Amino acid sequence: MKFWRTPLDADKIKVPHGETYVIKERCKGCGFCVEFCPKRALRLSDEFNIKGYHPPEMIGKDECVNCGLCEMICPEFAIYCLEEEEVQVEG
Amino acid sequence: MITKEHPMTPLLRMDRIPHIWCPTCGIGTAVSCFAAALKQNEIPLEKVAIVSGIGCTGRVAGYMKVDSFHTTHGRAIPFATGLKLARPEMKIVVFSGDGDLFAIGGNHFIHAARRNMDLTVICVNNFIYGMTGGQLAPTTPLSAKSTTSPYGNYEHPFNLPHLAASCGATYVARWTALHIRRLTNSMSEALNKKGFSFIEVIAPCSTVYARRNRLGSGLDLMKFYHDNCEIKNGANPEEADIGFQSKIIVGKFVDKEKPSFIDNMHVGLKRALGDKYIPYGGDDGAK
Amino acid sequence: MKADPKGVLTGEHYLDGDFACAEGALAAGCRFFAGYPITPSTEVAERFSERIPEVGGIFIQMEDEMASMNAILGASWGGVKTMTSTSGPGFSLMMENIGLGAMMEVPCVVVNVQRGGPSTGLPTMVGQADMMQARWGSHGDYEIIALSPNSPQECFYVAIEAFNLAEKYRVPVFIMMDECVGHMTEKVIIPPAEEIELYPRRLTNSPPAEYLPYMPEDDLVPSMIIAGQGYKIHTTGLTHDERGYPVMTAEAQEKLVHRLINKIRLNADHIIHIEEEDTEGAEVVVVSYGISSRVALAAIDEARAAGIRVGRLRLITVWPFPEKRIRELAPKVKAFVVPEINYGQMVLEVERCAAGQAKTILVSHGGGDVHNPQDILEAIKESIK
């Protein structure tokens, strides 16, 4: 993860890292997760699901901090995050 | 990519998903927050029941994997009252819409609040009758259009937190479908509150409310909440009126202690009858 | 299963029909009552509110009859036997959720102490004009059970029977009293608890994983659960499948509604309870119920004294209508005489079942009062001409 300015206690803080899973066929393309992801880590993909919507996909694999907002805001129960191993903070 | 299970799976009837709600509807988000609140509290799911009335939000009962009752229009609260009195150890949650709870069911709401009946009532307010195609609701803001107010609404709408507070609710909060953390926390608090707790969840209806009023999609309404909600915990709910596309005051307005209906019933009858009083289901209050 | 002695006020009492009905319900194990005051049924609620804290039950006065009806449905899912009582205007308000009770198959008992109508009508005076409303009052097709007692003593027993039928067939059961029976005070003997046989709730033996809330058993009635025991059921007023999930198709409608109808129609012989006297060999049979059956006795006695062979058939079960018995009698008698305090309700059923094989004569009365026995006598005499 990249910071604009490295916090002084960066070495003591573990930034959580999440992996986002999309259940594509449930998605109705509302865009809530994309719009409100605090890390701007999601976008609507080009692919179509069976209903004709574009399910979201991760932009950068390392951006997700496992905050769970997408999971909570998704009205379709179609996306969720699980905690992955921590990533290194770059200077 | 579906290698693991959605964390809500134990709480939802996944065999019924996808649900019937439109794209960009906010009801699913409210359900998601409610499921998160149940998880947060580690409430045993067999001790929770959901009662809904009729309408879009009325379908919530059908998607939660707890004892769930989809009743008639407006009657969720009295049904829940009976269920709660028969199973006092359970947490009974009424999950329904603004038209259901406040038009046809308005009388039941004010009386349950007056009695301080031990219920949690969650109202998803989308300002309109969604299921029937977008008619005027008791919450439709002045000047908003609906299929039965095609020239703009000229009826004063309800201010739901003010109504709940003035009828005696012990917990009153309002959030939008965007305030997922605060909403979840409020739901947790309400679940643990004795007596009558009420949460209004303002949620987008894209298909009939936003479209008819040229407000874009549900996503645009969520962005509107983002820019126009003002969090005022402890504010006087009387000042929380909602106008058409005006600022929305959200927050926790009331959180007070008052003996609930069940408390008062036991105390009153014990005082009058002494040892002759046999509480329902034995002394522990549970059957 | 025997009655719980806690609720049984064993002994000889002097009670009105409303009180006796409440005592019957308590004896039957009813431990939840939700109601709204309305003349002439208020005494049922009053008796409950006084008695129930001493037997381990709950009384709640709701804000209206719609709420009362829903509260008893909710409480019934909580595993308790439930009842409400009302009269005409309140009965109309309950109709919506009587349909919900029929659709969700909720055992419960509704007392209607009938008064003169329509609308506010004659609040303190007798009527019998809600009989068809009991059968058809809620929208859609369904079958219910309705009983009609004619004395305070019978109010007690009919209340027990009503609870047993409600539990056995998982259906709302009506006790169709009338103001005269409700407000008439007579001796009521309440037997010891061990002499009262009760039908317990049909609770499933299946574990939650295997249980289907609307899978019928052999008698077409599904077994039930109690909320809070981990079955996590869904139930709805929408047309549903065996899982209780809504299914919006004509096939699901046919399967469900046909079963709701058949569970009563095909079990009618087990449900129906009538009282007969001298119907074999009769020229004319007086078919009556409630207070009218007692008024008719004077006319029947006089007619017999005048040499007319008069039989008497009293409907204790009003719905399902004892169709088979009327069909059996029709070819053997000249006429059925039906006195009722309305302008022709149950007489339509008698006429339908008589199917032209016997005359059917209505002795109508607008309500506010009972028949003059002389009018019934005239009808009997007329019927054999």
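Is Asp4(C) buried, partly exposed or exposed? Asp4(C) is partly exposed, with a relative accessible area of 33%; buried means under 20% relative accessible area, exposed means over 50%, and partly exposed is in between (1.4 Å probe, protein chains only).

This is a predicted model, in which local features need pLDDT of at least 70 and side-chain atom pairs count only at pLDDT 80 or more, while totals for chains, interfaces and linings use all residues. Residues are numbered from 1 along each chain as its sequence is written, chains are lettered from A and ligands numbered from 1 in the order in which they are written, and side-chain values use heavy atoms, with hydrogens and water left out.

We start with how the chains meet. Two pairs of chains are in contact, and chains B and C share the most contacts, where contact means heavy atoms within 4.5 Å. Chain A and chain C are joined by no contact, and their closest C-alpha atoms lie 19 Å apart.

Between chains B and C, 44 residues of chain B are in contact with 46 residues of chain C. The size of an interface is often given as the accessible area lost when the parts come together. Here the buried area is about 3500 Å², with 61% of it from carbon and sulfur atoms; buried area is the accessible area (1.4 Å probe) that two parts lose on being put together, summed over both. There are 23 residue pairs in polar contact between chain B and chain C (both at pLDDT 80 or more). A polar contact is a pair of N or O atoms within 3.5 Å; within protein, one must be able to donate a hydrogen and the other to accept it, and residues adjacent in sequence count only if both atoms are side-chain atoms.

On the side of chain B that touches chain C, strand S2 (67–70), helix H2 (76–86), helix H4 (106–115) and helix H9 (261–273) of chain B give two or more residues each. Helices (H or I, at least four residues) and strands (E, at least two) are DSSP runs, numbered from the N terminus. H2(B) provides the largest share of this side, seven residues. By class, this side has 19 nonpolar, twelve polar and 13 charged residues. Ala, Val, Leu, Ile, Met, Phe, Trp, Tyr, Cys and Pro count as nonpolar, Asp, Glu, Lys and Arg as charged, and the others, Gly among them, as polar.

Three salt bridges are counted between chain B and chain C; a salt bridge is a side-chain nitrogen of Lys or Arg within 4 Å of a carboxyl oxygen of Asp or Glu. One salt bridge joins Arg75(B) to Glu96(C), at 2.9 Å from N to O. Another is between Glu54(C) and Lys276(B), whose closest N and O atoms are 3.9 Å apart. Glu54(C) sits in the loop between helix H2 (42–51) and strand S3 (58–61) of chain C, and Lys276(B) in the segment after H9 of chain B. Glu54(C) counts as partly exposed, at 29% relative accessibility, whereas Lys276(B) counts as exposed, at 53%.

Next comes the contact between chain B and chain A. It takes 36 residues from chain B and 27 residues from chain A, and the area buried is about 2600 Å², of which carbon and sulfur atoms give 68%. One salt bridge is counted between these chains: Lys223(B) pairs with Glu35(A), with the closest N and O atoms 3.7 Å apart. Helix H1 (27–41), helix H6 (180–191) and helix H8 (218–228) of chain B each supply at least two residues of the side of chain B that touches chain A. H1(B) gives the most, with six residues. That side of chain B divides into 22 nonpolar, ten polar and four charged residues.

Finally, we look inside chain C. Asp4(C) forms a salt bridge with Arg31(C) (3.8 Å, N to O). Arg31(C) is in strand S2 (residues 30–35) of chain C and Asp4(C) in the segment before strand S1 (11–16), 27 residues apart. Arg31(C) is buried, with a relative accessible area of 9%.

In helix H13 (residues 373–383) of chain C, the buried residues are Ile376(C), Leu377(C), Ala379(C), Ile380(C) and Ser383(C). Seen down the axis of H13(C), these residues fall within an arc of 160°, so they line one face of the helix; the arc is that of the directions from the helix axis to the C-beta atoms.
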